[in-house]
Amino acid sequence: MSKLHFLIPSENWQKPVSILLGILFGLIIYILIISNSMSYISDKPDTCINCHIMKPQLATWQHSSHRETAVCNDCHVPHDNIFNKYFFKAKDGLRHATIFTLRNEPQVIFIKEDGKAVVQDNCVRCHLRENDIVNTKIDLDDWKLNNGKLCWECHNEVPHGSVNSLSSVSFILEEESKRIPDWIEKYLEMQ
Amino acid sequence: MNKRKPWINWILFLLTAVIVLLVAIIATSIIERKTEAEFAYKPTVKISEFESRNEVWGKNFPRQYQSYIQTADTTYRSKYNGNAMIDMLVVDPRLVVLWAGYGFSKDYNQGRGHYYAIDDINNTLRTGAPFDPTDGPMPATCWTCKSPDVPRLMNEIGIKEFYSGQWAGKGDQMHNYIGCADCHDPETMSLRITRPALIEAFERQGKNIEHVSHQEMRTLVCAQCHVEYYFDKNIVEGAQYLTFPWDNGLTVEDMEKYYDNLGFSDWTHSLSRAPMLKAQHPGYEVHMTGVHADRGVSCADCHMPYRSEGGQKFTDHKIQSPLNNIHNSCQVCHREEYSDLIGDVIERQDKIIENRDKLEELLVRAHIEAKKAWDLGASESQMSEILQDIRHAQWRWDYAAASHGGSFHSPVEISRVIGTGITAVQEGRIKLVRVLGELGYRDEVPYPDITTKEKAQKYIGMDAKKLNNEKKEFLKKVIPQWKQQAQEREAAYKTVSN
């Protein structure tokens, strides 16, 4: 108990410290809101572009074969068990967030070893049938022992293309808009 | 509590303050990087709904814009076409006789790049020398396919109002050559239709353009202009309403029936007095009958193929003959030798042009033979069927010749069309032989000396020198005025940065 007393400020100090603690608390809530912290629990792709430097990856994925069938977390987060999934998310996310906050991102983003292991396992998870037939079902440990190739060593355009760069895509524009402009519809009385 | 060691309170206070400071710094950093995201991956300027200046679009899309202004290139000549400007009346003076009494006998050049759309329509003798906004031979409708200022003006004054009045009346409004706003939505860059004629033609056929696929749009944006059309004077009083004659279908016979039912003709031939039809570039219609369209290939797939520059893949906007871009246009799908591919194209062109040339010669003969009959006193009833044959034959010749690339887009159909044209003109000439015989003339009507453009124009009684001089005056006096007015208008446009 006396240890805790040590931390409680005396009469004179209580007001300023309370104010400071209030500010701290408010700032923490503020950060939780502006950083979209709740979005990190979901699997939505929009979460990944909270950091805008991931937009090239989003754009290339949107123009790829995997757009309709797999979102970011389907490949980049382990799906062997739920504890592993959230543990990896937290670990990887904190690493990303730290680098992004310190403005330490490289101009060319390559996946790290932990991430490679996860992606390879997820390729095999969905494409199990193909991998059985062609006997390419390996994991990262096998690859390290030179016992096969990782899936993307051959399928290197899937899905983010083979050019890794923050400037490899120009703009991300929204989806299709109307074919007939409003002003024509008005004049031709099509509305 | 810490009366004996008050400095502990100071430390606690400062520690808390430092923690608050760090938390505030993280919050600021988050806000800063979120703000960055507003500008990163966003275009430089906000393009307005009716931005007709291509340079402004080019600020956001430099690769597309830089490749688009390459349409200024006129150095490529293929065997029959290319992007160079070719005076077709010099190459083939028979055209002067075929179009006698119509603007095309004054001046007809093989078109060059979109970059020159405004310059070329200003320079052609067909638009004459109107020194007054109500003067000149051509209507305002002629501007429809030349500029992104067209949708801008149509929106301001209305569609039928745009189609009213003379060509010169809107010259000051048309300043920018064909460009981005003609095909693209300024916010999303989606392809869209900006000319009502195509939409109306689709509606009359019971089709809805909103439901076509993106791949079809890559053809339809071209079909806004590279199609057969005519000006309907009966829809709105005083307006020459741009209309596509597709109600019966897109084949040469379908359109012929459409025009015949209306009793429509573009002009009366000054030699044979035949009620003539002019075919304007039915590129889309012919392409749709060919094998490439059948396989789902769009205009853009060959004429604006994808290009890669430093890892960025984009559509090459240098719209040109695919023969000048074989590796990106053809060899993407057809893994053949360059010379084999070119050889295939030339072979089809050669073979079709062989018959096309013959048809032209026969048409010239038909016109002058008909003139001979009139001169000898033929009657309307004797001549009416003959004139219909000439009309139909030349319509088929023009449909094939004007399709620009028809011998590639659909060689079988184009050959067929020319074949039926030869049949029609010869049927007409057989009738002419009988009529001439009844009038006492049994010799061959001598083929005139039309070996050069000058001789041909003299033969049809045209004063080319006068037209050229008037045009020079016009270009000196009126065009600078139009440019001045346009510059003043555009100086008042605002460009909003993003």
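This is a predicted model: local features need pLDDT of at least 70, side-chain atom pairs count only at pLDDT 80 or more; totals for chains, interfaces and linings use all residues.
## The contact between chains A and B

The two chains meet through 40 residues of chain A and 42 residues of chain B. On the side of chain A that touches chain B, the helices α1 (2-7), α2 (11-34), α6 (82-101) and α11 (182-187) each supply at least two residues. Of these, α2(A) gives the most, with twelve residues. By residue type, this side of chain A divides into 26 nonpolar, nine polar and five charged residues.

The buried residues of α9(B) are Pro196(B), Ala197(B), Leu198(B), Ile199(B), Ala201(B) and Phe202(B). They pack against α11 of chain A, and also against α8 (159-162), α10 and β5 (241-243) of chain B. Just after α9(B), Gly206(B) takes a positive phi of about 80°.

## Domains of chain B

The domain assignment divides chain B into domain 1 (1-34) and domain 2 (46-487). Taken over C-alpha atoms, the centres of these two domains of chain B are 76 Å apart.

## Helix packing in chain B

Two packed helices are described by the angle between their axes and the distance between the axes. In chain B, the axes of helix α16 (residues 338-375) and helix α17 (residues 380-401) come within 10 Å and cross at roughly 155°. An angle over 145 degrees counts as roughly antiparallel, and α16(B) and α17(B) are therefore roughly antiparallel to each other. Their crossing is left-handed. The residues that α16(B) brings to this contact are Arg356(B), Leu359(B), Glu360(B), Leu363(B), Ala366(B), His367(B), Ala370(B) and Ala373(B). Among the residues that they meet in α17(B) are Met383(B), Ile386(B), Leu387(B), Ile390(B) and Trp397(B). The contact of α16(B) with α17(B) comprises 13 nonpolar, two polar and two charged residues.

Helix α17(B) also packs against helix α19 (residues 411-438) of chain B, where the axes come within 8 Å and cross at roughly 160°. That angle makes α17(B) roughly antiparallel to α19(B). The crossing of α17(B) and α19(B) is left-handed. From α17(B), the contributors to this contact include Gln382(B), Glu385(B), Ile386(B), Asp389(B), Ile390(B), Arg396(B) and Trp397(B). From α19(B), they include Ile414(B), Val417(B), Gly421(B), Ala424(B), Gly428(B), Lys431(B) and Val435(B). The residues of the contact of α17(B) with α19(B) divide into 13 nonpolar, five polar and five charged. Ile386(B), Ile390(B) and Trp397(B) of α17(B) take part in the contact with α16(B) and also in the contact with α19(B).

## Backbone features in loops

In chain A, the peptide bond from Val158(A) to Pro159(A) is cis, with omega near -25°. Pro159(A) lies in the loop between α10 (151-154) and α11 of chain A.

Asn36(A) has a phi near 55°, a positive value in a residue other than glycine. This residue belongs to the loop between α2 and α3 (45-48) of chain A. With 13 other C-beta atoms within 10 Å, Asn36(A) is partly exposed. In chain B, His281(B) has a positive phi of about 25° although it is not a glycine. The loop that holds His281(B) runs between β7 (275-276) and α12 (283-287) of chain B. His281(B) counts as buried because it has 22 C-beta neighbours inside 10 Å, where the threshold is 20 or more.

## Exposed positions

Cys154(A) lies in helix α10 of chain A. It is exposed, with 9 other C-beta atoms within 10 Å. The C-alpha atoms of Cys154(A) and Gln120(A) are separated by 13 Å, and the two residues stand 34 residues apart along the chain.

Ser213(B) is exposed, since 9 other C-beta atoms lie within 10 Å and a residue with 12 or fewer counts as exposed. Ser213(B) and Glu413(B) are 200 residues apart along the chain, and 26 Å separate their C-alpha atoms.

Terms used
Residues are numbered from 1 along each chain as its sequence is written. Chains are lettered from A and ligands numbered from 1 in the order in which they are written. Two residues are in contact if their C-beta atoms, placed from the backbone, lie within 7 Å. Helices (H or I, at least four residues) and strands (E, at least two) are DSSP runs, numbered from the N terminus. Ala, Val, Leu, Ile, Met, Phe, Trp, Tyr, Cys and Pro count as nonpolar, Asp, Glu, Lys and Arg as charged, and the others, Gly among them, as polar. Domain bounds come from an automatic or database domain assignment. Axes are lines fitted to C-alpha atoms, for helices over the stretch in contact, and angles run from 0 to 180 degrees between N-to-C directions. Angles under 35 degrees count as roughly parallel, over 145 as roughly antiparallel, 65 to 115 as roughly perpendicular and the rest as oblique. A crossing is left-handed if the near helix is turned anticlockwise from the far one by less than a right angle, and right-handed if clockwise.
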